[in-house]
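Look at the sequence and the model first, then read the points below.

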Amino acid sequence: MTDPNRDVPFLIVKTGRAVPEARRGGQDFEDWFADGLGRERFEFRTVRVDEGETLPEPDPARLAGALVTGSPAMVSDRADWSEATAAWLAEAHRGGLPLLGVCYGHQLLAHALGGEVGPNPEGRRMGRFETRAIDPDDALLAPFAPACAFHVSHFEAVLRLPDGARVVGRADHDPHHALHFGGNSWGVQFHPEFDRETMRAYIEARAEVLDDEGQDPVALREAVDGPHHGPKLLRRFGDLAILAHTSANA
């Protein structure tokens, strides 16, 4: 699917940088997301909210959509830049802008709309994990039913849903692993932008912490070799953003 309004930018809301071990060739979150969403379909603009850069007006006529990245920060710390971004997300959601929150972005969107975020009761999770797509009518996750594997790296999680949100994907360690917040807004706790080498780099970067927590980083790294479906999910969200933008501006 080609965006007939390709001159309208797609916004990458960058909330932090990937670990140095994963930034091969100088690439970072925004590059991996642009590859997955489709560089041939969108013009991308990145805003470093964690460094105080200003977000544009969340106008669906002027943006094709927005994606909020992962971060080494914690939503529960409620940093000023994070709370300001949460307010922007709430406004963007109300206005119908297509939104996808990933990991930190997933949690921040839930927090912005009135949910609760904190340390995952099941502890840190890293590696390749199965997500069960439980809503046959969900536009984003239904094509991945009954289950698909995605790459995961998180310590916090969505503990309580905001009003109006529904669970569309679950993992054994996280009952709120993928959420539809209503309208054109979704959040996923997993990392669809991670390829196998990126996931391995994250495990290696956190190997000492994982070992201290009683987890086996070698086994986690080996398990990454299986198939994962992150690129297909990003492509799917790109399709939905194009449809929403075209319909809203017809």
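**Salt bridges in a predicted model**

Asp 172 and Arg 132 form a salt bridge, with the closest N and O atoms 2.8 Å apart. The pair links distant parts of the chain, 40 residues apart. The model is predicted. It holds 19 salt bridges, and a few of them are set out here.

**Asp 172 and Arg 132**

- Asp 172 sits in the loop between strand S9 (166-171) and strand S10 (174-182), while Arg 132 belongs to strand S6 (residues 125-133).
- Asp 172 is exposed, because its relative accessible area of 72% is over the 50% cut-off.
- Arg 132 has a relative accessibility of 31% and counts as partly exposed.

**Arg 221 and Glu 204**

- These two residues form a salt bridge in which the closest N and O atoms of Arg 221 and Glu 204 are 2.6 Å apart.
- Arg 221 lies in helix H6 (residues 217-223) and Glu 204 in helix H4 (residues 196-205), so this bridge ties together parts 17 residues apart in sequence.
- Arg 221 is partly exposed at 33% relative accessibility.
- Glu 204 is partly exposed as well, with a relative accessible area of 43%.

**Asp 59 and Arg 62**

- Asp 59 pairs with Arg 62 in a salt bridge, and their closest N and O atoms are 3.8 Å apart.
- That distance counts because the cut-off for a salt bridge is within 4 Å.
- Asp 59 is partly exposed, at 27% relative accessibility.
- Arg 62 is exposed, with a relative accessible area of 62%.

**Arg 48**

- Is Arg 48 buried or exposed? Arg 48 is buried, because its relative accessible area is 13% and the cut-off is under 20%.
- Arg 48 lies in strand S2 (residues 43-48).
- The side chain of Arg 48 makes a polar contact with the side chain of Asp 50, at 2.7 Å.
- Leaving out residues up to four places away in sequence, Arg 48 touches Lys 14, Gly 16, Arg 17 and Glu 53.

Definitions and conventions: Residues numbered from 1 in each chain as written. Predicted model: local features only at pLDDT ≥ 70, side-chain atom pairs only at ≥ 80, totals over all residues. Heavy atoms only, no water. Salt bridge = Lys/Arg side-chain N within 4 Å of Asp/Glu carboxyl O. Buried < 20%, exposed > 50% of the residue type's maximum accessible area, 1.4 Å probe, protein only. Helix = DSSP H or I, 4+ residues; strand = E, 2+ residues; numbered from the N terminus. Polar contact = N/O pair within 3.5 Å; in protein donor to acceptor, adjacent residues only side chain to side chain. Contact = heavy atoms within 4.5 Å.
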